[in-house]
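Opening the notebook on this one.

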Amino acid sequence: MRRLIVSGAIALAALVTGAGAVAIAAGTEAHPPKRSWHFQGPFGTYDRAAAQRGYQVYAEVCAACHSLSLLAYRNLMELGLTDNQVKGLIKDIVVPDLNDDGQPIERPARLSDSFRKPFPNVAAAAAANNGKAPPDLSVIVKAREGGADYIYALLTGYVPFDKLSPEQVKEFSVKKDDNFNTYFPGHKIAMTPPLADDKVTYADGTKATLGQEASDVTEFLAWASEPWMEDRKRTGVRVILFLLALAGLMYAVKRQVWSNKH
Amino acid sequence: MASSHGTPPVFNNKVIAWIDHRLPIFSYIEKEYHTFPTPRNFNYFWNFGAIATVMLVLMIATGVVLATNYTPHVLMAFDSVERIDRDVPQGWLIRDLHMNGASFFFIAVYVHIFRGMYYGSYKAPRELLWILGVVIFLLMMATAFMGYVLPWGQMSFWGATVITSLFSAIPVVGDSIVTWLWGGFSIGNPTLNRFYALHYLLPFIIVAVVALHVVALHVHGSNNPTGIDPKGPQDTVPFHPYYTMKDGFGVVVFLIVYSLVVFFGPDMLGDAANYIPADPLVTPTHIVPEWYFLPFYAILRAVPDKLGGVIAMFGAIAVLFVLPWLDTSRVRSSTFRPIYKWCMLLLVVDVVVLGFCGANPPAGFWIPLSQAATLYYFVHFLILLPVLGKIERPLPMPPSIADAVLKKKAG
């Protein structure tokens with residue numbers, strides 16, 4: 001009987017790892033290097049300071065082209081900001097609305113507003129970006145194989161044309177105006193290198209290197225993809241502890257019940 | 001209160017007695033779930049029927065709650081699912097339970113099917129019980145497939161495209177069938193709406209077939225690891241408290257594993273591309289179904305002809321319907337079948353290999369590997385099973401279940 005349980009467990013494990021292998025096998029390009037993130041692991045949480053800096057990078061750089069449509073400004077309070085701090089952050093942002101006469105107007109953003117979209121629609125976004133609309137970033141970390149590692153690798157993975165080897169230029173038919181990215185599938189990416197050293201000036205005095213900006217904005221986007229993650233893990237710890245205790249009790253009772261039959 | 005098996009129970013509570021005299025639900029529960037004589041020698045493989053039932057109830061419960069918050073429209077479905085995660089109180093929990101519940105329902109059912117095959121539970125007089133089980137499995141596949149379409153991500157859309165297009169392989173009427181399934185000339189809002197309606201309907205049909213499955217089970221009772229019929233009271237125990245307790249323990253252990261995935265890796269079994277909203281103009285590099293369909297997907301692609309692949313894939317399930325008649329051995333349990341036992345375990349390996357083949361793009365060594373694995377799958381059912389029953393010499397069997405239990409305890 002024990003052997004059967006073991007073989008059953010092995011079969012189950014094989015099924016689960018099989019599914020895991022699917023995810024790994026699906027990546028075609030260079031694998032993004034594994035980085036260590038504050039939100040990793042069963043107890044990992046979001047680094048609030050990094051995510052707040054990441055919002056700054058998003059607001060000052062990414063937001064020019066990328067929407068974040070599933071988030072509202074009020075959500076920023078979950079990053080440890082007060083409502084007045086968030087109001088300060090969005091005081092210069094205006095959003096489209098209709099006035100009482102039904103005429104389109106722009107008015108200052110409120111906490112309850114969704115993040116302002118940089119383009120009125122997909123066609124306008126595509127027209128302004130060489131025919132390819134920049135993707136919405138709300139769930140981008142969950143929507144890419146490799147997750148946060150991939151986003152960070154992509155943001156830091158640009159190679160200038162003159163640094164490419166002749167073989168790379170030939171193999172991927174790269175032209176001088178193309179953007180070559182080590183981690184993008186097919187390598188040629190429509191997005192010009194978005195970040196560089198000192199692209200933003202951090203209020204908390206953190207030195208704004210390319211790596212720092214990329215890491216911060218990835219932390220922010222990871223949070224944006226799953227703002228409830230900490231709640232999920234906390235609940236999970238309680239649920240598992242409860243079930244373990246329950247399983248122990250059940251096993252004890254089961255043994256007691258069966259004691260006269262074995 | 002309760003009486004021993006055979007005589008009708010007497011209820012001391014007047015209300016219960018009054019109801020039972022008119023609608024004997026309490027007698028039924030007493031007979032089928034309390035005194036019901038059950039072989040005393042189940043191993044933990046026999047937990048998975050109860051586990052699958054719990055998962056079915058859990059899927060319906062979470063599904064109904066999700067349905068109250070979901071919008072079946074191509075322009076709104078994706079965002080409405082995200083709204084459930086973000087803005088519905090504990091919505092993320094309900095969705096993670098449902099999304100991973102499908103995977104764990106399949107895990108439970110796959111173990112349950114393996115149990116049935118390894119211990120010959122499908123043999124006389126339980127053929128209809130087995131066939132009803134295969135019907136449940138088919139209904140589950142249809143339900144899971146349509147459920148995966150609902151979030152309207154890239155894999156939802158393209159998975160639906162690939163699977164519905166299979167029907168175009170049918171000669172003459174194929175294209176008309178596909179148009180009929182889609183509700184139009186391409187996958188669109190009518191497709192999403194009908195899939196949603198059916199995804200809500202089919203689970204209740206599954207409940208009905210599960211009820212028949214249980215009725216059929218309670219005619220002759222459960223099989224057991226020896227495959228020998230109980231010969232008297234010394235071979236059985238009452239279902240309650242012996243198996244209610246053992247099943248309860250097994251269910252909780254299963255829920256622990258399930259919770260680990262729900263709370264600490266809710267997206268590990270899914271595909272990242274399904275977090276990209278469906279785009280009919282952009283085909284994903286690799287279109288893969290959910291993991292529990294991968295072995296069948298591999299069989300589909302192993303045959304170099306479209307119609308042939310579709311026939312092989314459906315044949316892989318159809319063969320299960322006639323399993324009771326393909327197996328010519330009169331011995332139920334693999335424990336006493338020295339050759340078949342290994343064939344059966346090899347079949348498990350084969351199905352796992354097919355799963356890997358289905359997960360990888362059909363190129364290089366994956367093609368011959370998936371073809372060899374497909375071949376073995378059918379050889380197992382169509383050649384090994386009928387032939388082994390004739391030539392295999394079974395091991396000596398214990399005279400009764402009680403003897404088997406006592407011998408094992410002594411040894």
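Domains. I looked up chain B and found domain 1 (1-29) and domain 2 (46-410); such bounds come from an automatic or database domain assignment. Taken over C-alpha atoms, the centres of these two domains of chain B are 38 Å apart.

Ground rules. This is a predicted model, where local features need pLDDT of at least 70 and side-chain atom pairs pLDDT 80 or more, while totals for chains, interfaces and linings use all residues. Residues are numbered from 1 along each chain as its sequence is written, and chains are lettered from A and ligands numbered from 1 in the order written.

Confidence. I noted a mean pLDDT of 95 for chain B, with 98% of its residues at 70 or more (pLDDT is the predictor's confidence in each residue, from 0 to 100). For the complex I have an ipTM of 0.93 and a pTM of 0.93.

Strands. In chain A I followed S1 (residues 94-98), which runs antiparallel to S2 and is joined to S2 by 5 bridges (strands are DSSP E runs of at least two residues and helices H or I runs of at least four, numbered from the N terminus; pairing takes at least two DSSP bridges). A:Val95 has A:Arg107 as its bridge partner. The two strands make a hairpin with 5 residues between them, and A:Gly102 in the turn has a positive phi of about 80°.

Interface. I found 44 residues of chain B in contact with 43 of chain A (contact: C-beta atoms, placed from the backbone, within 7 Å). H10(B) gives the largest share of chain B's side, 14 residues.

How values were computed:
Two residues are in contact if their C-beta atoms, placed from the backbone, lie within 7 Å.
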